[in-house]
Amino acid sequence: MTKSPKRPPAGLPDKDTLLAFLREAGSAEKTDIARHFGLKGGDRRALREMIRELEAEGRLGKRGRKGFSEAGALPPIGVADVIERDGDGELYVRLVEAGADAPRALLMPDKAKPGPAPGLGDRLLVKFQRGDDGWEARLIKRLDAGTNRVLGVIRKSARETRVEPVDRRSKDVLLVPQAQSGDLRDGDLVLAAIEKGDQRYGPKRGKILEHIGKEDDPRAASLIAIHAHGVPTGFSEAVEREAEDQELPTLKGREDLREIPFITIDPADARDHDDAVYAARDEDPKNPGGWIVWVAIADVAAYVRPGSQLDREARDKGNSTYFPDRVEPMLPEVLSNGLCSLKEGENRACLAVRMVFDKDGRKTGHKFVRGLMRSHAKLSYEQAQAAIDGPEKGGGADDTTGPIMETILYPLWNAYHAMLKGRLKRSPLQIESAERRIRMAPDGGIASIEKRASLEAHRLIEEMMIQANVCAAETLEQKKTPLIYRVHDAPSQEKIFNLADFLSTIGKPWNKGEPGTTKRFNKLLDETRDGEYADVVNEVVLRTQMQAIYSPDNVGHFGLNLDRYAHFTSPIRRYSDLIVHRGLIRALGLGKDGLTDREIAELPAIAEGVTMTERRSMAAERDAMDRYIAAFLEDRVGATFTGRITGVTRFGLFIRLDETGADGLVPVSTLGGEYFAHDDRAHALVGERTGKRFTLGRMVEVRLVEATPVTGGLVFEMLSEPEPRDPNAPPPRYGVRGRGGDGPPMRGKNRPGGPKPRNGSKPSGGLKGVRKGKRR
């Protein structure tokens, strides 16, 4: 919270005074508001009622788990995109995580910042504040320095050579000088720079910076994604040497945990093993039916020390980035797959937490130790699940799981079932997502796209990791050591209103004044889980949520319904976890390689950095998946598919195919012989003449008419007829109209609905693979 305004005379404020206080303070909790106005007893109860009324009126929004701010308020600092330039040349930005509904802010000029001025499309870290004429933003840091670069494919003709961008949103087709194009071939992937000059018409001039590969290379999808999103690749020679010079720590200063029969449970193709687990009955008579659960995590801090070359490059990468055919790791392989990986039968340094749970899954205590451990078995999720299921469920033990069933696997599952009671009581958000994975063929092509099974073994490891993360946050708070939290804010009031509008169209009531708690969301999901709207309600609830970020300031984790949460369990692949490890080492006196004073001072910048690198990786992973799927479907152009409408916009319908989970667009211009207008409240495209509609969540049949692997674009033709007019529907709230297929052609800005997206662009979200330790 920012500095509180001057204290007024004691007494219950009116609504405008309360909003004025929040506008100046930024945000505040109820206790802070009551303290500021000197409220006691009945006045505090009246304040709570006033806050509920302001929420119902849409004038007040949540900020964090307990805080409030004026509706539409922007955070003090955030990541924003430059979205608009007005007639006077002024630039406007919009907060990225809030989407199109967020207010725009005027980007204030700052001549003190070095380098070129920001331009349209740039992503910036800015400080928001209210000005006399609305919101203003001041630049802190540019997050994308390569805005004048184009990743594209060479297209050669007898007279010229062009670079066509692989980014569906880019319009910068570059003309390459003949002197540079001699060695280039049609279909080459290149990185080019836009040449500066006074050229106003025709293709821009460019120069080739790097030859990356071939358009038809099976690995092109990940190569394009890596370069398009600026994911750092490889390591410097100095870092490789530093990693190779590391040695396995001895027992000095460590607890010997090698006799504890830890095991690792990971995806079958995992090469780096961050975590190992073990559980046993608690023999303390004061805890009947209770359990001891150990979680051991690779001690990356023992090898990657603050200020070292290894540390600087790990911080720059922020996290590992995963593609179907490769991984761009945060740490060199000698560490990520070697000394830091908890390999079966080998001594490994670890930071471990011993947790105690009662029979109802309530954690009653925990303790961290820095130790030396040895994994007793390496299992895949499927292997562990088959052993637990037994022959009666089509599974059974094998040579690895058979000897450890009684001593390790059964206790682990029994401990988890006790922990599950506590989880169910906590009621975290129960959104289900149909995750898919791409299986690669030996030649680098795609063998198959298949649904990823959701096993109890996945949930067991997830819950044990969540509890270990909670322990890390609790310990650092108790020791008054600063840390980076993993925070997930509550949905904004605007998002709740949009959800309520949609639910009214399917007959599911949601009072707009009703707070969006995890229990309320779960109740909605349970009520619709087996009905025709199950998938779409799940999708809309997911879109209602805010994005999780890293922050040195705690607002809790809404999705997990936890007051404090930190990432501790994956330091091999997340820099945030390494910072938390160093904090624990410092707080508990476990060594001299803990968090430094300088790192503590830099925690806000580190948190912003790792949030940015995580989103960079997520975007790259999503783009690569889109391109691989487009390549997989390229040979099936003309085929028909069943799918579900997962997005409704003014320019068309987004369809997700049942068979592969692929997302593509049905352009509004292909929908029929009338105008189709976007009713944003009903999440529908509605024919203005007939009232027929295409609604969110409906199952439809489509024909694939275009698949473009280099951009990842899929374009469909709608085969299903629209639904008839709904006589009970409220009057539509139309956005921009979209043109049907018949009638006079309309081009460019004059065509209702705006220009057709290039090659079937998709909304953010898309299809994304999953690996252990989802980004929560």
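Predicted model: local features only at pLDDT ≥ 70, side-chain atom pairs only at ≥ 80, totals over all residues.
**Stop 1: helix H11 and the residue after it**

Select residues 493–505, which make up helix H11. There are 13 residues here, and at 1.5 Å a residue they should span 18 Å. Now colour the buried residues of H11: Gln-493, Lys-495, Ile-496, Phe-497, Leu-499, Ala-500, Asp-501, Phe-502 and Leu-503. An α-helix has 3.6 residues a turn, so residues three or four places apart point the same way. Move on past the helix, and you have the answer to the opening question: Gly-507 follows H11, and its phi is positive, near 75 degrees.

**Stop 2: helix H14**

Next, select residues 575–588, helix H14. With 14 residues at 1.5 Å each, H14 should span 20 Å, and the distance between its end C-alpha atoms is 20 Å, which agrees. Is H14 mostly covered or mostly open? It is mostly covered, with 12 of its 14 residues buried. Among them are Tyr-575, Leu-578, His-581, Arg-582 and Ile-585. H14 is followed by a glycine as well: Gly-589, with a positive phi near 65 degrees.

**Stop 3**

Which residue forms a salt bridge with Arg-582? The partner is Glu-599, and the closest N and O atoms of the pair are 2.6 Å apart. This pair links distant parts of the chain, since Glu-599 sits in helix H15 and Arg-582 in helix H14, 17 residues apart. Glu-599 has 6% relative accessibility, so it counts as buried. Arg-582 is buried too, with a relative accessible area of 0%.

**Stop 4**

Now select Asp-593 and Arg-370. Their side chains meet in a salt bridge, 2.9 Å from N to O. Asp-593 lies in the loop between helix H14 and helix H15, while Arg-370 lies in strand S21 (residues 363–374), and the two are 223 residues apart. Both Asp-593 and Arg-370 are buried.

**Stop 5**

For a pair of neighbours, pick Lys-359 and Asp-360, whose side chains meet in a salt bridge at 3.5 Å, N to O. Asp-360 is partly exposed, with a relative accessible area of 41%, and Lys-359 is partly exposed as well, at 44%. Then select Arg-155, Glu-164, Asp-186 and Glu-215 together, and you will see a network of salt bridges linking them. How many salt bridges does the model hold? The count comes to 41.

**Stop 6: a positive patch**

Turn to the surface and select Lys-30, Lys-40, Arg-44, Arg-45 and Arg-48. These residues gather in a patch of positive charge. Which helix gives the most to the patch? That is helix H3 (residues 42–56), with three residues. Arg-44 has its place in H3, and at 34% relative accessibility Arg-44 counts as partly exposed.

**Stop 7: loops worth a look**

Begin with Ser-427, in the loop between helix H9 (405–426) and strand S23 (436–440). Ser-427 is not a glycine, although its phi is positive, about 60 degrees. Ser-427 is buried, with a relative accessible area of 10%.

Asn-561 comes next, in the loop between strand S26 (549–551) and H14. Asn-561 also has a positive phi, about 55 degrees, although it is not a glycine. At 25% relative accessibility, Asn-561 counts as partly exposed.

Now find Gln-547, in the loop between helix H13 (534–544) and S26. Gln-547 is partly exposed, at 37%.

Finish at Glu-346, in the loop between helix H7 (333–339) and strand S20 (347–357). Glu-346 counts as partly exposed, with 34% relative accessibility. Select His-376 too: it lies 30 residues from Glu-346 along the chain, and their C-alpha atoms are separated by 8.8 Å.

Definitions and conventions. Residues numbered from 1 in each chain as written. Heavy atoms only, no water. Patch = residues over 30% accessible without salt bridge, like charges linked within 9 Å, V, L, I, M, F, W, Y side chains within 5 Å. Areas by Shrake-Rupley, 256 points an atom, 1.4 Å probe, with all protein chains shown as cover. Salt bridge = Lys/Arg side-chain N within 4 Å of Asp/Glu carboxyl O. Lys, Arg positive; Asp, Glu negative; His and termini not counted. Charge placed at Lys NZ, Arg CZ, Asp CG, Glu CD. Helix = DSSP H or I, 4+ residues; strand = E, 2+ residues; numbered from the N terminus. Buried < 20%, exposed > 50% of the residue type's maximum accessible area, 1.4 Å probe, protein only. Expected span 1.5 Å × (residues − 1).
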